[in-house]
Amino acid sequence: MLGGARDPILVTEVSQHTIDLQQGFNGTDLLLFGAVLTPEGSRAAQDYDIVVVLKGPTQSIVLREKQKIAGIWVNAASTEFRSAPSYYAVASTRPIDQIVDEKTAAIYELGLKWLQLSPIGAIDPEEQARFAAGLVERNRDAGLYREDEGGVSVSEQVLYQARIRLPSQVPTGKYTAETFAIADGRVVASASSDVEVRKLGIERAIANFSENYGLAYGLLAVFISIGMGWLAGRLFALV
């Protein structure tokens, strides 16, 4: 028993701990990498599956379903999710369902199917599943939710790496990059790193102004719109 194998440890790192959003930002790739080691610090020398998850700040979101009535699209049923991640990406050495069972996937939220969105209020399970699928599909189309089966490479049973794409419209806030080492369907080690996505320059100034002076920001936006409309009318009148 004393000579039995012990669980490994993970050494993790990310290529950028701070991502600055400035004018002209069109997205970037974040590299998550590290090593699987024994408790003594030597190479584990065993095959482990690696799953990396990058998750953005959670937010409460209301999702409404459109319905066509008398030829007009109107809001019909709706539901509110308490803890929908603003960004979510997962990469793994193999398909998740070949690595862990459904219970383990749900506990660690390993995959879009297993996101714990926490609906507010009582809701029929089938309706909840439909709305959850709609939210996932919408964010997947926007590039904010991603799955990359086979996106993690492991070298010599010790070094791993994965690249995760952050789109140009990536939300700001504190992100968590989690890495899981899995053997025989069991999570044997995990580690995490933080990444901050922030705005700089005029984008940050505008964002801060809108958050701190919401009424003034709204009035200014209205005045600018009216002014631009008046100016456009004057220019067309001169043509």
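This is a predicted model: local features need pLDDT of at least 70, side-chain atom pairs count only at pLDDT 80 or more; totals for chains, interfaces and linings use all residues.
β9 and β10 form the hairpin, with three residues between them. The two strands run antiparallel, and four bridges join them. Look at the turn. Glu-156 there has a positive phi of about 55°. Gln-157 also has a positive phi, near 60°, and it is not a glycine. Gln-157 sits in the loop between β9 (152-155) and β10 (159-166). Most residues other than glycine have a negative phi.

Four strands make an open sheet, in the order β1-β3-β10-β9, with antiparallel pairing. β1 and β9 are the edge strands, and each pairs on one side only. From one strand to the next, the twist averages 20°. At the β1 end, six bridges join β1 to β3 in the antiparallel sense. Glu-13 stands opposite Phe-33 in β3. Keep those two in mind as well.

Next, the other sheet. What is its strand order? It runs β2-β12-β11-β4-β7-β8, six strands in an open sheet with mixed pairing. β2 (18-21) and β8 (145-149) stand at the edges with a single partner strand each, so one side of each has no neighbour in the sheet. Here the twist averages 15° from one strand to the next.

Inside this sheet, take β11 and β12. They run antiparallel, and eleven bridges join them. Phe-180 faces Ser-190 in β12. The loop between β11 and β12 holds Asp-184. Asp-184 is another non-glycine residue with a positive phi, about 55°. How accessible is Asp-184? Its relative accessible area is 85%, so Asp-184 counts as exposed.

Now the empty space. Rolling a probe the size of a water molecule over the atoms shows where empty space is left. How many cavities of 30 Å³ or more does the structure hold? One. About 40 Å³ of space lies in the largest cavity.

Which residues line the largest cavity? Here are the residues I asked you to remember: Glu-13, Phe-33 and Tyr-160 are among them. The lining also includes Thr-12, Val-14, Leu-32, Ala-177, Thr-179, Ser-192 and Ser-193. By type, that lining divides into five nonpolar residues, four polar and one charged.

Which strands supply at least two lining residues each? They are β1 (9-14), β3 (28-37), β11 (173-183) and β12 (186-199). β1 gives the most, with three residues. Now put that beside the sheets. β1 and β3 belong to the four-strand sheet. β11 and β12 belong to the six-strand sheet.

Last stop, Thr-79. This residue lies in strand β6 (residues 72-85). Thr-79 has 8% relative accessibility, so it counts as buried. What does Thr-79 touch, leaving out residues up to four places away in sequence? Its contacts are Ile-61, Val-62, Leu-63, Pro-119, Ile-123 and Phe-131.

That's the tour. Over to you.

Key
Residues are numbered from 1 along each chain as its sequence is written. Side-chain values use heavy atoms; hydrogens and water are left out. On a 1 Å grid over the protein atoms alone, a cavity is a set of points where a 1.4 Å probe fits but cannot get out, and a pocket is an open set with protein on both sides within 12 Å along at least five of seven lines; lining residues have an atom within 4 Å of a point. Grid points are joined across faces, edges and corners, and a volume is the space filled by probe spheres set on the points. Ala, Val, Leu, Ile, Met, Phe, Trp, Tyr, Cys and Pro count as nonpolar, Asp, Glu, Lys and Arg as charged, and the others, Gly among them, as polar. Two strands pair if DSSP finds at least two bridges between them. Axes are lines fitted to C-alpha atoms, for helices over the stretch in contact, and angles run from 0 to 180 degrees between N-to-C directions. Buried means under 20% relative accessible area, exposed over 50%, partly exposed in between (1.4 Å probe, protein chains only). Contact means heavy atoms within 4.5 Å.
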